[in-house]
Amino acid sequence: MQHTRFLHNLCLRFTRVGQLRAVSGAYKYNSLHYATTTTTATALVNAHALARAHYASIAARRPRRTAQSKTNNNNTGSGISIEELWTHLESYYKQHGLLHYEQCQRVLELLENSSGGSNGNDKDGNPDVPVHLTGAQLHFLLGACVPELLPAQSANERLQLFQRLWVQLRRREQLKLAHYETQLQMLQQNQLPLADHRALLADIAVFNGDADASLYRMLLDVACANGSMRQATELLAEMRERNFALTEHNFHALLLGHARNGDLNGVETVLASMRAASIASNPTTQALRIVAYVENEQPEKARELLQSHSGSFNVPHLLQMLHSALRTKNVDSELLEQLVRELPKDYVSSVDVPPALRSLCIELLHHGRQSEMMQLVAMLPAPKYNENQSVDSYGVLLLQELFRARVPLEQTLDFARGLRERGQNTRALHLVADMALRRQPALALSFFEALIAANEQLRPHYFWPLLLHHRQRDGESGVLRILDEMKRLRVECDDETLRTYVLPNLWQTLQDPVQGMQKLDACGVRASQVLGLVLAQLLQQQLILPAMELLQRYPTRLELSTLMQPLTAVAVHVRATKRYQQFAQLLQALTQHALQRDDDFVGALLLQMCGPQTRLRQDAAALQRFVHELARLGLQLSPSAADALVNIARQATGTEEDLNTLAKTLHKMRLDTLKLSNEVSGSTVTGTSFIKHPRDMTLDELECHLVELEAKQLNTRGVLRRLLQLCVRDNRLERAVEIKAKCDELRVQTSAGMLAAIFDLYIKLKDLKRADQTRQLLDRTYPGFLIDEHKLIDYAALLVHGEQLEAAKELLQTRASKHRINGGDYVIKNVWQLLTNVAQLAAKTAPATPTTTAGATRNLTYEIFEFLRQLGYCQAHNALLGPIVREWLLRGDIDAAVVEFQRLAAKYKHTPLQYELLSLLVRLSNGDVDELARFEGCTAAAAQQHLATVTATVSRVHGTANMNSALLLALAESGTEKQLRRLVIDPQFRINHEMLLKNCEHLGQEGAVRTLVRLGRGVRGMQRTIDEQRIYDLLLAQFSKTNNYEAALDLYERLDEDDELKVSQDFLRNLVRLLQLNNVDIPSNIALRAQII
């Protein structure tokens, strides 16, 4: 009621000052505001209409936000614009009939920052950005600095807010009479004095002319509202000088003034003056008399007067008296009950506390009068709800204010219990417990105990915020403590609570799974309830052995379908690390714990592992290894699963022998009594479905699906998440960056796998800073998630690239100390890149004569290789030893490189960088000027001697035939045709044909066309080495694989220029087939020679 009347006055002021004067008695002065007589149904309807029109006009004037304004417009430190702040402020006002003080503060701070500098600059010296807040909006905020709309603040706080808003309004527009009237009403309702009314009148007169009776009436209201009768006397004298007659309104103001001044005799004098002026007493007069008695500690007279005029007061009168009664030092409960009984039933029987009473209650709360607030609410009747109305809305805002006002716990509980027991809000205890979880989690358990005492059932999800809060505050011990409290309160954890809020936050505890299970059991979480979830978490971390240990210790039956997804992920890791036997043992242990023995768990898992877009589906050999280990342990599957696996293997890449072996093994494993679960759909078996799930789509299908979803404005988050992971995996980095930007724009929730993909993306982009930020975010958000070894090694390589070698060593050392390292062929390429980066770093930063403390030459790459080998990341391998030799080559020390080559060959029986070293020595021995300049101090003779040393070393390790094959390719790469021919025609020169052919295939894949063509010409006519035509066929076959018809044509032109060579018909037909495949016009000479014309 009160805020409706206030809005009515405010909207009228926004129209025209002349219209304002036409409204009779609509001005408010603190308590007397409720004693006006203009509250009719028509006036209220008009007030609401004007309010809607006012907000509509503000919305129309508010500029629309463009893309540029979103980035350049007026943003606070949190990035929210003033339009959004104003929208929030409006929304809160419409919902609660109050303003949020913090929102007003933020709007004001933004205004001040925008106009805080001089010469159009802000406080930081940047150019001013205009703040889009109109004068009408500022005027609205000025009028809101009253107890009814900002009840939680003191009068001085409201005055300070008003003064700051007043400064901003003066900067933006010329002040009008309506603004000064709002100032007077603010002072009146806050009972604040006006220091110098004459100065104010002079300020108004500059642009608005002399004061009229209406303005003096408002000045008198301000003086009387705070009991300043001296100023009131001065105003009456000035009114007499201007011949302004006293009105009923003025007499009522004087009644209140004498009452506030503690002069009851003065009140009687004013009443006598009213009778002398023939102004009859009315309900407003009697309401003010009651106010006078109440505020001067005479409640008996007030009760007597109220009783004698019972039924004559309207709602504003009664609210006026309630305000005065509750603000006294000693509240008279009998008078309070009498006033509440006088309130109309339709006013107090709403579904919430009436707005005016709610503002009064909030004001009492924030001024330490919570007992009076509770007393008032207890006197209100319980609401009567309609069928579709919410039954838990009564007093909600007051419950929130109890927390904002920091009311003691017991009083908060008493208030909530009272609401529940009186039937005003039967869910009050639930609501206050929810508020405690959001605002003060430390108190939530006390509210839970109150719910139990009230025979209310607690549910596991009530504890979710507590689990998160205590995990953040106390770590894993906090989570276990909350589980203990749940046990004490007899609340049993459900699967969702354990899966989402407990186990992911007990990463350290579950490092020892057996001990972790014992701790959980002590907290009331049974092993039968948590075993499957713990197994799933261990499998997600690739911890197979701890999972098997748990299965051996606990005989609990498990629903194995819940482990299907983590086991599929483990299978990917097993395929890479070749731990097939261990995986089969895990499945054997799981099948022994199966809850439903007739379900074909093994078959369903194999089909899931061979799902679309999985690499196992295309690798028949790996599938055969899985099936072989399962069959060896006696595991069986259903006939339908066996047939489906055979069909999948036929579509995969593999030999006929592998396919036949797999089919025989699957036939032996068939068991007719096993049945495939209904959850295994036809799409899992056949790999096709009408509508594929995004995880089963190819990259192109995902791109098309994304376009379709965007066109229909549907949710694209899942597709974007999957698309990002595939783009990173397939090295489509530019597209991955675009997808990442879309995910950020849509605020897609990042899973652990998605963060790992983003981490990998930044590594591949060589963005060390963002990669480090993503890794820290991943560790912080998902502490139990284990980054793949190859990604970790790639990150270490990036650290070395950024000259942070010690940080890379520490990272790898930490991982090895906490987890078992698999290493092996799975990460050999990644380790090679790391060692290569170390070699480059060593060449860049090493001194001219690097030595150890013992005086021997130091090779940094070898030290890191030994460091990695001891941690288990790698073993001696020909490729991994190459960067050790390369470090010397990058330093320009050919002598040390040859010595290192000999040492590694003797120690590991490998010849790293053999082809490159032989080719380099051939160029140096032939006097290549560029190479000799690169290796200072090296001569052709010394290079020839080194070449002999290297060839002798290779012969000792691999034999003479293999060494000759390597030397032949080195001469083809770097030597002359004469040297190559002389070597080939030597009758004692023997080679390994198979090895030479394999090396030629490798060179063809690397695109070494020049080397192979020279080799072909060098061996021409020497069939005992290698067929020249076969070399060209190898090259053409490689071009056909990559669909590179241009390189194939270039090769043909080279061969055609050689008059001594006759290209075979097979070569020509294959070339024509490649050209036809790419829809390229076949040159006439090729068509003629291929006999297709």
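Me: What does contact mean here?

Reply: Contact means heavy atoms within 4.5 Å. In this predicted model, 70% of the contacts between residues at least 6 apart in sequence join residues at least 24 apart. Residues are numbered from 1 along each chain as its sequence is written, and side-chain values use heavy atoms, with hydrogens and water left out. Local features need pLDDT of at least 70 and side-chain atom pairs pLDDT 80 or more, while totals for chains, interfaces and linings use all residues.

Me: How many helices and strands does the protein have?

Reply: Both are DSSP runs numbered from the N terminus: helices are H or I, at least four residues, and strands are E, at least two. The protein has 60 helices and zero strands.

Me: What share of the residues counts as buried?

Reply: Buried means under 20% relative accessible area, exposed over 50%, and partly exposed in between (1.4 Å probe, protein chains only). Of 1093 residues, 52% are buried. Cys727 is one of the buried residues, at 0%. Cys874 is buried too, at 3%.

Me: How many disulfides are found?

Reply: A disulfide is a pair of cysteine sulfur atoms within 2.5 Å. The search covers the whole structure and finds zero.

Me: Where is Thr328 found?

Reply: Look in the loop between α17 (315-327) and α18 (333-342).

Me: Is Thr328 buried or exposed?

Reply: Thr328 counts as buried because its relative accessibility is 9%.

Me: Which residues is Thr328 in contact with, leaving aside neighbours within four places in sequence?

Reply: Thr328 contacts Val294, Glu295, Glu297 and Arg369.
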